[in-house]
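Have the sequence and the model open side by side for this one.

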Amino acid sequence: EIVTHLEPTEPGDYPRLIEGAEAEALRQQIVQIADRVCARGAGHHIILRYSHLPKRIDLSMHCAVPGDISLPQAHLIAEKVERQLRAELPQLEHVTIHVEPLEDR
């Protein structure tokens, strides 16, 4: 089973982007967590938005995994990254992780 979805890239009818020092500090934490779980350079293309819920944040990111693993294995890695993100960053509401082959990086 494969699930796809679209994500807007411009402001509109969805929560606004988090920018500036707050976003940069959070981005660094997210990259460190993803790199710790996967490998250095795995976490990238991080988009942070204020959630519809107060004091909550929505995250979309890409995570590079070895290209020779199966789709179920890649999904398990993404789940592991998400569990660690949620453990260390409790303000996260919605987390979307797109896996991609490490070789494409």
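Start with the sulfur of Cys38: the closest cysteine sulfur, in Cys63, is 3.3 Å away, which is too far for a bond. The cut-off here is a pair of cysteine sulfur atoms within 2.5 Å, and by that rule the count comes to zero disulfides. Cys38 counts as partly exposed at 25% relative accessibility, while Cys63 is buried at 0%.

A word on what you're looking at. This is a predicted model, in which local features need pLDDT of at least 70 and side-chain atom pairs count only at pLDDT 80 or more, while totals for chains, interfaces and linings use all residues. Residues are numbered from 1 along each chain as its sequence is written, and side-chain values use heavy atoms, with hydrogens and water left out.

Now go inside. The largest nonpolar core has 20 residues, and those with the most contacts inside it are Ile30, Leu48, Leu59, Met61, Leu85 and Ile97. A core in this sense is a set of buried Ala, Val, Leu, Ile, Met, Phe, Trp, Tyr and Cys residues joined through side-chain atoms within 4.5 Å. Two or more residues each come from helix 1 (20-37), strand 1 (43-50), strand 2 (57-65), helix 2 (71-88) and strand 3 (92-101). These elements are DSSP runs numbered from the N terminus, with helices being H or I of at least four residues and strands being E of at least two. Helix 1 gives the largest share of the core, five residues.

Leaving out residues up to four places away in sequence, Met61 touches Ile30, Ala34, Gly43, His44, His45, Ile46, Leu85, Thr96, Ile97 and His98, where contact means heavy atoms within 4.5 Å.

Next, follow helix 2. Its 18 residues should span 26 Å at 1.5 Å a residue, and the end C-alpha atoms are 26 Å apart, which agrees; the expected span is 1.5 Å times one less than the number of residues. Which residues of helix 2 are buried? They are Ala74, Ala78, Val81 and Leu85. Those four cover an arc of only 60° around the axis, which puts them on the same side of helix 2; the arc is that of the directions from the helix axis to the C-beta atoms. The general rule behind such a pattern is that an α-helix has 3.6 residues a turn, so residues three or four places apart point the same way. The buried residues of helix 2 pack against helix 1, strand 2 and strand 3. Turn to the face pointing away from the buried side and you'll find the exposed residues Pro72, Leu76, Arg83 and Ala87.

On to the charged pairs. A search of the whole structure finds three salt bridges, each being a side-chain nitrogen of Lys or Arg within 4 Å of a carboxyl oxygen of Asp or Glu. In one of them, the side chains of Arg36 and Glu88 meet at 2.2 Å, N to O. This pair links distant parts of the chain, with Arg36 in helix 1 and Glu88 in helix 2, 52 residues apart. Arg36 is exposed at 52% relative accessible area, whereas Glu88 is partly exposed at 36%.

Another bridge joins Glu93 and Arg56, whose closest N and O atoms are 2.8 Å apart. Glu93 lies in strand 3 and Arg56 in the loop between strand 1 and strand 2, so the pair ties together parts that are 37 residues apart in sequence. The remaining bridge pairs Arg86 with Glu82 at 2.9 Å, N to O. Arg86 and Glu82 are four residues apart in helix 2, which means they are separated by about one helical turn.

Finally, check the backbone. Most residues other than glycine have a negative phi. His45, in strand 1, has a positive phi near 45°, and this residue is partly exposed at 48%. Lys55 has a positive phi too, near 60°. Lys55 lies in the loop between strand 1 and strand 2 and is exposed, with a relative accessible area of 81%.

How values were computed
Buried < 20%, exposed > 50% of the residue type's maximum accessible area, 1.4 Å probe, protein only.
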